[in-house]
Amino acid sequence: VLPDPAAQPDHYVTHHRASPVVDVADPATGRLADGPVLIIVRNDEDSDAMRRYLKRTHDVRFRHVPTTRTLVRPTPGARDRATLARDLLTAVGKNPETLDDDRLGGTVWNCAYAWLRAAGTTDLLVDRAHQLDIDRLADLADMARWLSCRVWLIWSGEGELSAPDAAGFVLGIAAGSISADLLPTLLPLPAPESVPVPWRAGPALPAAEFTTFRAACRRELSDQEFARVDQLYLDAAHRADAWMVEHAALRDSGGPESFGTELVAWLRDVHLGPCASADTALVTLRATQAALLIRGVLLRWTPAALGPDPADQLRGTLRERLPHDLYAGARTADAAITMLSLHLNQPPWYFACWRVGHVTQNGAILCAPADAEHHHDLLPRYLEQPDYRSAVLAATGVLERACDHAIQLPPPAQVILAAHHAYRRREGAHQHDPLFAGPTPGEHTTVARMRETALRTATRRLRQLPPWLHRDPCRFGGDIGGRERVSGWLVERNLSVHLLPPRLAEQLHHPLRHRGEL
Amino acid sequence: VTDEASTSLLIQRLRAAGMSLWELGDLIGVHPHHLFPDNEDLAALPVAALVDLASRLDLHPADLVPDLDPDTSPATQDKTLSAAGTVENATSVSTDAEVVLTALAYAVDPLTNDDLAAALDWPLARVATAIEHAHRHPEQAGPVRLRRTAPDTYTVTARLDRLTADQAQRLARTRLYRHALTADQAQLLLAALALNNDPGAYRSRRTALPDAEPGLKRAGLIQDDNGAGKPRVVNDVRYSLRYHNQPPGD
């Protein structure tokens with residue numbers, strides 16, 4: 001068992017021998033040593049070249065955030081671990097101005113670890129590492145061990161050169177040394193990030209219902225515009241065809257609830273939610289409606305109450321700046337709960353059903369619990385009331401319980417769930433422990449607390465107050481006329497699912513088969 | 001809700017429009033929380049939403065957010081006059097005619113002179129003079145026209161001399177196309193596609209869903225001229241559902 005540096009008295013590493021020396025790179029192949037490893041970069045001259053290299057490494061124009069290569073600039077003169085952790089958080093892209101608001105307290109080091117882990121950190125560069133005392137070097141060695149990464153200590157001054165060796169030795173971390181001029185060769189600067197293509201507004205699309213949408217497009221758009229729109233339409237319809245082939249049996253045997261749950265998850269995470277623009281979303285929806293109708297499913301859309309640009313409401317909520325604004329906060333649970341609530345467009349009901357093991361390590365997928373307990377004691381009472389259930393079913397046809405189906409998150413949001421997963425594991429949680437824990441270890445947090453967290457984060461960090469996050473009773477309509485407002489992904493888009501008699505669909509030839517193309 | 005001068009205008013107009021904050025919020029696409037008159041969030045609304053809000057309530061945006069441009073706001077220019085005061089002080093027949101036309105547009109249903117006199121709290125003679133003036137000066141009504149639907153009963157409808165027949169037809173079609181299918185209509189449309197060779201089966205479906213077929217016909221999605229149970233699904237629909245590769249003609 002490796003010693004925990006936090007439990008050791010200060011200066012505990014000073015009396016140990018140096019750690020084993022390692023070749024930083026294979027002389028033949030140039031391949032870098034695998035982590036964990038501490039590498040002293042001898043920058044005795046404190047050169048301008050190194051300064052420029054580090055500046056370019058950290059330049060936001062040349063890197064994605066989060067990135068696997070992180071440059072941390074320790075606060076000069078600070079000797080405590082918390083300050084180093086805050087420097088690490090700033091380095092991974094957290095807003096240093098709001099770190100105080102997050103009130104991380106004793107969890108700050110674990111938070112830093114979690115976000116570095118979620119970013120898939122392979123190289124941690126520490127500027128002016130010679131100014132760190134030996135205990136902070138030991139902390140960095142500990143971080144290298146947990147992340148299994150390379151820690152590059154830019155040694156630009158006097159400092160005790162044997163200190164990193166000693167710091168690494170206690171934890172069994174190998175150490176090496178290179179001269180500063182080798183660093184750009186071993187760790188080349190990343191290529192400039194490609195400039196995103198500016199969004200180009202497409203033609204104004206017809207507002208026709210799906211039954212006549214394609215014909216209206218043919219009539220209203222130019223040949224060139226129509227060719228582009230029709231390709232999108234046919235592609236989306238084919239994808240919907242393929243999905244229906246897979247799920248036709250579920251429609252017939254599973255009933256409206258199971259089928260609707262599958263359909264919502266597919267539309268939200270795969271087919272409609274990730275659309276890049278409102279136009280794409282509208283064409284995709286219309287094609288999907290047309291493809292589903294001939295398979296006996298009516299996906300009804302009533303855009304009247306969706307404001308001036310209803311098609312834009314069809315896309316997923318986690319888009320544009322929103323995931324990045326969420327990422328700027330340091331508390332993993334706050335960001336993850338808010339992110340999931342926004343993605344599902346509902347309060348954090350049923351979030352207590354998830355356990356740590358339900359999250360994939362990269363945060364891309366949150367699996368559905370096989371034996372969800374639902375924790376009825378944690379839920380608002382009205383959720384299970386017949387009138388509330390019937391109100392939801394009348395509005396959309398699907399209950400949309402968060403834990404009923406796996407959730408596939410959009411790429412910019414995945415790092416948030418990955419960070420929370422890493423945080424919980426770092427706290428010592430096992431696979432079967434709650435994903436969102438209460439103040440008492442092993443216990444679930446309550447719905448009220450999660451909702452408060454999501455509400456606070458959405459209001460303060462995102463400057464948004466989604467209607468489904470209102471406290472109840474709510475002056476502004478978390479309840480309407482004494483009745484709770486229904487919420488969900490379908491509700492927010494005014495979509496509803498209706499199953500038509502299956503015999504009709506069976507009697508109808510598929511259009512492609514009808515024309516001999518299938 | 002407070003009755004302060006700065007907030008009452010929004011509430012007055014909201015009540016006049018017969019809407020709740022929730023309905024207004026839905027129309028504009030913002031949460032009603034942001035529309036609450038004593039809430040500073042009104043100033044934080046996107047410009048498009050603010051302009052839409054002002055337009056829906058026939059206000060200038062500066063009436064909602066005074067910082068925008070107080071000097072050009074119609075409300076601030078006329079703020080010394082109440083709504084009633086405006087009417088009382090405006091004595092010209094032309095203004096009276098404008099008020100009558102607005103009242104008729106507001107009421108939607110036709111109104112008699114008596115109704116107008118009672119609603120506007122005017123003498124009957126004043127209403128008659130205003131109606132007479134509106135008849136003699138049709139240009140005053142802009143895109144609508146004063147129509148007599150019964151003796152001494154009036155309404156306003158769109159003028160008929162500005163749109164071509166094709167434009168009017170396409171407008172009607174757009175309105176119908178936008179109407180989302182109900183589940184019953186979808187079922188009958190599916191039946192019309194699937195049971196084209198089995199009129200008996202189609203007729204039994206039609207009987208089970210009595211309201212569906214008229215809706216589909218009004219929307220122009222099916223045609224069944226002789227009522228024999230063999231409706232024809234129009235080419236626009238067949239093309240959109242991919243049963244045709246050839247686009248329908250105009």
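What share of the 250 residues in chain B is buried? In this predicted model, buried residues make up 38% of chain B. The secondary structure of that chain comes to 14 helices and five strands. Of the contacts in chain B with a separation of 6 or more, 40% are between residues 24 or more positions apart.

Chain B has a mean pLDDT of 78, and 78% of its residues reach 70 or more. Over residues 1-7 of chain B the pLDDT is below 50, and this stretch has five contacts beyond near neighbours in sequence. Residues 72-90 of chain B also stay under 50; for them the model has 19 contacts beyond four places in sequence. Where pLDDT is low, the predicted coordinates should not be read in detail. For the complex, the predictor gives an ipTM of 0.77 and a pTM of 0.76.

The next topic is the interface. Here 44 residues of chain B are in contact with 53 residues of chain A. The two chains bury about 4100 Å² between them, with 61% of that area on carbon and sulfur atoms. Three residues, B:L190, B:R242 and B:Y243, supply 21% of the area that chain B buries against chain A, more than any other three residues.

The rule finds 12 residue pairs in polar contact between chain B and chain A, both residues being at pLDDT 80 or more. On the side of chain B that touches chain A, helix 2 (21-28), helix 10 (165-178), helix 11 (183-194) and helix 14 (235-240) each supply at least two residues. Helix 11 of chain B gives the largest share, eight residues. By class, this side of chain B has 23 nonpolar, 11 polar and 10 charged residues.

The rule finds two salt bridges across the interface. One of them pairs B:R242 with A:D241, and the closest N and O atoms are 2.9 Å apart. This pair joins two chains, because B:R242 lies in the segment after helix 14 of chain B and A:D241 in helix 8 (residues 223-253) of chain A. B:R242 is buried, with a relative accessible area of 1%, and A:D241 is buried as well, at 7%. Side chains of opposite charge can pair when their charged atoms come close.

Over all chains, a search of the whole structure finds 29 salt bridges. Among them is the bridge between A:R42 and A:D44, with the closest N and O atoms 3.0 Å apart. A:R42 is partly exposed at 32% relative accessible area, and A:D44 is partly exposed at 45%. Another bridge links A:R321 to A:D325 at 3.8 Å between the closest N and O atoms. In this pair A:R321 counts as exposed, at 54% relative accessibility, while A:D325 counts as partly exposed, at 28%. Salt bridges that share partners also join A:D312, A:R315, A:R319 and A:E320 into one network.

Two further residues of chain A remain. A:E209 is in the loop between helix 6 (183-186) and helix 7 (213-220) of chain A. With a relative accessible area of 3%, A:E209 is buried. A:E209 and A:T302 are 93 residues apart in sequence, and their C-alpha atoms are 9.5 Å apart in space. A:H421 belongs to helix 15 (residues 411-426) of chain A and counts as buried at 8% relative accessibility. Leaving aside neighbours within four places in sequence, A:H421 is in contact with A:V356, A:V359 and A:Q361.

Terms used. Residues numbered from 1 in each chain as written. Chains lettered and ligands numbered in written order. Heavy atoms only, no water. pLDDT = per-residue confidence, 0-100. Contact = heavy atoms within 4.5 Å. Buried area = accessible area lost by both parts, 1.4 Å probe. Salt bridge = Lys/Arg side-chain N within 4 Å of Asp/Glu carboxyl O. Polar contact = N/O pair within 3.5 Å; in protein donor to acceptor, adjacent residues only side chain to side chain. Helix = DSSP H or I, 4+ residues; strand = E, 2+ residues; numbered from the N terminus. Nonpolar A, V, L, I, M, F, W, Y, C, P; charged D, E, K, R; others polar. Buried < 20%, exposed > 50% of the residue type's maximum accessible area, 1.4 Å probe, protein only.
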